[in-house]
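We'll begin with some strands and then turn to the charged side chains.

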Amino acid sequence: MRSFFQEFEKDDDGSIIRCKMHDIVHDVAQYLSKNECYMIEVKDFGEQNIYALCEKALQLRLIVTGNNTIPISICNFKKLRSLLIECDSYAGSKLSSKVVTKLCDELSCLKALAIVGNSGLHGPFKHIPKEIGRLVHLSNLKELPQGIGKLINLRHLINIDTYSLSYMPKGIERLTCFRTLTEFHSHGDVYGGKACPLECLNNFRHLESIAINMNWSDLKIGCRLIIVTMNDEAILETFQPSQNLQRLEIVYYKGFTMSSLRRMTSLTNLRSIKLYHCKKCLHLPPLGKLPSLETLVIERMYSVREVGNEFLGVESGEASSSSSSIIYFPNLKTLHFDSMREWEVWDFGNEDDTCTIMPSLRSLQIQFCHKLKGLPKQLLHQMAPLQNLEIRHCSILEEVYEKGKGDKWQDISHIPNIKIWSWR
């Protein structure tokens, strides 16, 4: 018996892009999809014909050629789930983002949208309109196209909050013009040859902003549950960020330490860091020697119990050196801690004339840190620049720093703007 699918055609990456269908399969598919799936060539269909179809159609392939344009009545296909628009080079040159904006406004049930053309690098249009965000059923993005590596001039990939994205496709390492990569998703070797490893980030020498999502979720295959164990620490060790990097986020990291980040002191342009949901880390990473760091946000690092000199990046014997003054976090202006469940102690030890800590800090916010007992004296003395202190839902801190009553109120009373939000 002949195969149902024949004469497979593959692209440069080995993915199947076209094949021939056996007549039997074609007839069955047509029977099952009648009154729901349509292919329309605009030159053959008038507005009246299109209106007759719009009530039932769920899948639509629209072919636009020559002088023809997309009929506005397409927006009446309110039940449409999938829309494929194919344009030749001439029609594609007339397909503006305004047309796509109208489609995004009206076809709110779309789950799949594809606009393709044979007009090469110049079309069918240059800009994706912001209104595409209204197509909420397109949100659950699981994969980027395997051919994305061919966009060699791509500079910005804004994939904010794409938590369902499984991996970054192989070939993305060729996009060496990247300035912004909002999220890089790494799942180790789970996706084999389809996925690009974290090491490929070393190719992005112009990168200015990146968030690394190291989400080692359990994988369900059929009825079997496969627990995937990854060595996050070894993977992070391979990360050699660009000297141009200005913003870094690391989320869902499951290693016990981030000590490898110590080498980032050479990143003189790095201004913002966010560490989120790194719940197994026992200590904060050594970040105190980053010369340009201005904003630091640390959230949901549940296993951290103490914060001390390791956070500053103090080297062995460095604290006892008196040859010159050492400044840690020299330009840090905003520091935010959130949901540190086990955090009890924040102490940099005795004051040392050769050591200056956070001399530029203006704003300190701490919330949902119920076990934390106090703040380091180096940040609270009268000459410290701290202007804004906000404490939210931190049981012990609320009590000891309570205005006029707490044992440590005098330590913070000189700060101009104080907000203490209590459960009580």
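Histidine 156 sits opposite threonine 180 of strand 8. This is a predicted model, where local features need pLDDT of at least 70, side-chain atom pairs count only at pLDDT 80 or more, and totals for chains, interfaces and linings use all residues. Residues are numbered from 1 along each chain as its sequence is written, and side-chain values use heavy atoms, with hydrogens and water left out.

Strand 7 (residues 156-157) runs parallel to strand 8, paired over two bridges. Strands here are DSSP runs of E with at least two residues, and helices are H or I runs of at least four, numbered from the N terminus; two strands pair if DSSP finds at least two bridges between them. Strand 8 also pairs with strand 9 (residues 209-213), again in the parallel sense, over four bridges. There, phenylalanine 184 has isoleucine 212 as its bridge partner. Six of the six residues of strand 8 (residues 180-185) are buried, so the rest of the structure largely encloses it. Buried means under 20% relative accessible area, exposed over 50%, and partly exposed in between (1.4 Å probe, protein chains only).

Now for the charges. The whole structure holds seven salt bridges, each a side-chain nitrogen of Lys or Arg within 4 Å of a carboxyl oxygen of Asp or Glu. One of them joins arginine 61 and glutamate 86 at 2.9 Å, N to O. Arginine 61 is in strand 4 (residues 59-64) and glutamate 86 in strand 5 (residues 82-87), so this pair ties together parts 25 residues apart in sequence. Arginine 61 is partly exposed, at 34% relative accessible area.
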